[in-house]
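Biologist: Please take a close look at one part of this model for me. I would like to know what surrounds it, step by step.

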Amino acid sequence: MKPEPWGLALDEVLANSPQRAGEEHHENNRDEPEEQRERVEENSSPQKLVPAQDNRPLLIVPSPAGAVFNQQMAYELAEEQHIAFAPARYEGIDERVLDWAQTRFRVFPVSMGDYVLYGGEVAVMAMIEAITRLIPGALGNPESLAEESHTGGLLEYPVYTKPAQWRDYEVPPILLSGNHGAIARWRREQQIERTMSRRPDLFEAYPEENWDKKDRHFLAERGVHFPKSRQAD
């Protein structure tokens, strides 16, 4: 899908965003069971997974390149005042849409795990169910929450579509160069960069023998070095 339909849809979300969302949220909480509110707080780790709250809505983007959804994240999201979801189909959302959205939303890419679906709708349904059941007052018996239990590769590179320029955001020039080798290298480095920053667990698990000479040079520039015995390819 081209970027403009996404832009229009997000414009609509902002236009219909409740102006008093924060006040309404806190007012409703006053009437909710105290023990269930305490349980939400108990399950919120000091190391937060969700971007800190401000006056912008939270935009969750289902993506294989996002933070992995888990129960701690569900508890944190249950405390949010306004959440919007942007599930995509096939190749995902044009990266410029996400760059633009960052100026108006707290954009939060979220993955349901290391696998790929046709689209993000099923992931959104799973997250909504996991989140809403943790909202104080949602369950008839809040004590039931106390009894619950809870492919070594790289992440995908950024996706860009037509047109080449959209709302003052441009496709990276390398992707328009026609140099397939350079494009492949750029995408590879974007994969490495994303995996290092977003999923260090996957980066650490990636087999060292799979890094080629160019990969190692790229990583060395970022302070990652390998034993000399493995540097020769």
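Modeller: Start where helix 9 begins. Aspartate 212 caps the N-terminal end of helix 9. One of its side-chain oxygens lies 3.1 Å from the backbone nitrogen of lysine 214. That is a polar contact: a pair of N or O atoms within 3.5 Å, where within protein one must be able to donate a hydrogen and the other to accept it, and residues adjacent in sequence count only if both atoms are side-chain atoms.

A word on the ground rules. This is a predicted model, with residues numbered from 1 along each chain as its sequence is written. Local features need pLDDT of at least 70, side-chain atom pairs count only at pLDDT 80 or more, totals for chains, interfaces and linings use all residues, and side-chain values use heavy atoms, with hydrogens and water left out.

Now the helix itself. Helix 9 covers residues 213-220. Helices are DSSP runs (H or I, at least four residues), numbered from the N terminus. Its buried residues are Asp215, Arg216, Phe218 and Leu219. Buried means under 20% relative accessible area, exposed over 50%, and partly exposed in between (1.4 Å probe, protein chains only). These four sit on the same side of helix 9, because they cover an arc of only 160° around the axis. The arc is that of the directions from the helix axis to the C-beta atoms. Turn to the other side of helix 9: Lys213, Lys214 and His217 are exposed there.

What do the buried residues of helix 9 pack against? They pack against helix 7 (180-198) and helix 8. Contact here means heavy atoms within 4.5 Å.

Arginine 222 lies over the face of phenylalanine 218, at 3.7 Å from the ring centre. A charge sits over a ring if NZ of Lys or CZ of Arg is within 6 Å of the ring centre and within 35 degrees of the ring normal.

Next, helix 8. It spans residues 200-205, and alanine 205 lies in it. Alanine 205 counts as exposed, because its relative accessibility is 51%. Its C-alpha atom is 8.3 Å from that of glycine 153, 52 residues apart along the chain.

Finish with the aromatic rings. Phe203, Tyr206 and Trp211 form one aromatic cluster. Both phenylalanine 203 and tryptophan 211 are buried. Rings of Phe, Tyr and Trp (its six-membered ring) pair if their centres lie within 6.5 Å; planes under 30 degrees apart count as stacked, over 60 as edge-to-face and the rest as tilted.

Note on methods:
Helices (H or I, at least four residues) and strands (E, at least two) are DSSP runs, numbered from the N terminus.
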